[in-house]
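Biologist: Could you take me through one hairpin in this model up close, strand by strand, and then show me how it sits in the rest of the chain? Please spell out your cut-offs as you go.

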Amino acid sequence: MTHAVIIGGGIAGLATAYYLQKKSAETGLPIDYTLVESEPRLGGKIITKTIDDFVIEGGPDSIVTTKPWGAKLCRDLGLDDELIPTNDYKRGIFVLNKGKLVDFPGGFRLTIPTEFIPFALSPLISPLGKLRMAMDLFIPPRQESGDESLGDFIRRRLGDEALKKIAGPMMAGIYVADPEKLSLKSTFPQFMAMEQKYGSLIKAMQHAKKNRPTNGAKPSPMFLSLKGGLNDLVKTLVKQLKGELCLGQRVTRLKADKTGFHVFTDHSQTPIYADAVILAVPAYVAADLIEPILPELAQLQRQIRYVSTATISLGYRRADVIKQHPFNGFGFLIPQSEQRKIIACTWTSTKFDCRASDDDVLVRVFVGGDGQEAHVTLPDDQLLTLVKKELSDIMGVTAQPVVHQIFRWVKGNPQYDVGHMERVDAMEALTRQIPGLYLNGSAYRGVGIPDCVKGALETVDYLFEQLHGKA
Ligand SMILES: Cc1cc2nc3c(=O)[nH]c(=O)nc-3n(C[C@H](O)[C@H](O)[C@H](O)COP(=O)(O)OP(=O)(O)OC[C@H]3O[C@@H](n4cnc5c(N)ncnc54)[C@H](O)[C@@H]3O)c2cc1C
């Protein structure tokens with residue numbers, strides 16, 4: 001019997017365990033596994049806390065639908081009836097501009113205007129800024145094919161104002177990253193392809209819009225979640241796992257020899273033997289474990305920077321706040337130029353149903369990210385005061401929340417800096433030198449849940465391919 005050890009019980013490790021078990025059953029190839037997680041709970045960044053009727057997410061709150069693997073995992077687990085869509089009919093997004101929340105113009109797909117009227121009428125971008133964006137139609141495509149930063153790309157095609165007011169908060173915001181460091185190739189490769197194919201982003205978007213099917217079918221929602229919160233994904237998955245789960249045990253050392261791997265934990269002197277090891281931990285943890293086996297790989301893994309963030313959820317009685325703000329959208333983004341202490345806010349109970357009772361409102365505020373990490377480690381009372389002051393200044397909400405919950409993610413967000421994809425390709429090439437060693441998780445080929453699940457599916461396929469003879 002082949003034995004695999006999965007290190008890390010976040011979604012990347014859990015999905016690997018699930019699909020390993022599934023493929024073993026489907027193929028009849030006997031593989032069993034041990035999953036080792038340092039914390040006493042499974043799920044990693046996925047954590048939901050329910051307080052009264054408030055369903056509060058600490059990490060991810062949604063699964064994007066344009067990448068199918070997150071929803072696939074939910075369906076494979078039988079969670080179809082638990083899936084809830086975003087309330088896209090209320091999907092307005094706002095941007096803070098000179099201290100005021102301004103509607104993000106309709107007709108934008110990510111950063112690029114696809115419809116003329118809402119764009120022309122939007123007060124968000126100055127007339128000169130709009131003219132500069134329109135120059136995208138005439139600027140020749142870049143000749144070099146290598147990576148560049150999101151900042152350089154947007155500035156080159158659409159101008160500085162589009163970068164500061166739209167692309168920075170929206171696109172870099174997803175990665176809590178500095179757009180001047182963020183790798184375009186690793187995060188928005190489709191934009192590179194659009195520039196090369198159509199010579200202009202606006203033309204490419206217009207082309208895509210014209211060719212969108214118009215059979216009257218309802219467009220699929222932008223995001224999905226689960227009625228009880230995303231931790232239900234973890235709970236359901238874990239219930240179906242048949243392998244050994246070792247919680248509260250930190251992997252401290254890895255040893256490889258001709259027979260396989262020896263996985264040492266802080267729990268026992270005796271290592272766990274493994275034919276295959278899947279590292280589903282942050283890159284800096286993987287680097288320490290890999291160091292004695294493949295120091296070149298460890299060195300590359302250490303080049304992946306991590307930044308810290310925190311989410312602060314506040315629950316209000318609707319009657320207390322509704323006269324102060326209508327919560328008429330999914331929330332707002334804040335460009336760096338506004339110099340606020342928070343980076344974004346989700347109006348959670350508008351974005352999804354099942355997040356608060358009809359009499360309540362739930363919002364979630366983000367702090368931290370590249371360049372703003374100091375706020376993350378403030379004591380709870382100071383962080384709460386800071387967040388309430390920001391919401392009062394920006395939204396006019398002065399009512400006291402009836403519930404609050406803070407989650408800190410210290411070194412929780414991998415940064416895909418320029419050149420990231422090349423580094424990951426090199427890491428994977430090095431990993432292949434050690435048969436039976438695999439890397440998965442948000443450090444490498446996508447930070448979201450769907451990417452981690454895709455990584456799990458690919459890891460399992462590759463592992464079966466490699467171990468086929470051995471199993
Ligand atoms: C605030 C926030 C909001 C987000 N929002 C979204 C969203 O809406 N949608 C989305 O798709 N994604 C979102 N993400 C990203 C997504 O949540 C993560 O990228 C994903 O959950 C990471 O999964 P993972 O398994 O790679 O890592 P993790 O969840 O970090 O899991 C790694 C696990 O390894 C364990 N571990 C570490 N060291 C050791 C060791 N030595 N031995 C054993 N175990 C160890 C850790 O305890 C942890 O449980 C968000 C992230 C954050 C922080």
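Modeller: Strand E7 and strand E8 (residues 100-103) run antiparallel and are joined by four bridges. Strands here are DSSP runs of E with at least two residues, helices are runs of H or I with at least four, and both are numbered from the N terminus. Two strands count as paired if DSSP finds at least two bridges between them. Before going further, the ground rules: this is a predicted model, local features need pLDDT of at least 70, side-chain atom pairs count only at pLDDT 80 or more, and totals for chains, interfaces and linings use all residues. Residues are numbered from 1 along each chain as its sequence is written, and side-chain values use heavy atoms, with hydrogens and water left out.

Back to the hairpin. Across from Phe94, on the E8 side, stands Asp103. Two residues lie between the strands, and in this hairpin Lys98 takes a positive phi near 50 degrees.

E7 has another partner too: with strand E18 (residues 331-333) it pairs in the parallel sense, over three bridges. Phe94 turns up again here, with Phe332 as its bridge partner in E18. So how covered is E7 (residues 93-97)? Four of its five residues are buried, so the strand is mostly covered. Buried means under 20% relative accessible area, exposed means over 50%, and partly exposed is anything in between, with a 1.4 Å probe and protein chains only.

If you follow E18 onward, Gln339 sits in the loop between E18 and strand E19 (344-346). Gln339 counts as exposed because its relative accessibility is 70%.

Thr48 has Glu57 as its bridge partner in E4. This hairpin has two residues between its strands, and Asp52 takes a positive phi near 50 degrees. Asp52 is in the loop between E3 and E4, and it is exposed because its relative accessible area is 62%.

Now the rest of the chain. It has 17 helices and 22 strands. One of those helices is H16 (residues 420-431), where His420 is placed. His420 counts as buried because its relative accessibility is 1%. Leaving aside neighbours within four places in sequence, His420 is in contact (heavy atoms within 4.5 Å) with residues including Asp147, Ser183, Ile304 and Tyr444.

Overall, 55% of the 471 residues count as buried. Of the contacts with a separation of 6 or more, 73% come from residues 24 or more positions apart. The chain has a radius of gyration of 23 Å, which agrees with the value near 23 Å for a compact globule of 471 residues; that radius is taken over C-alpha atoms, and the globule rule is 2.2 Å times the number of residues to the power 0.38. Along its principal axes, the C-alpha trace spans about 70 × 55 × 45 Å.
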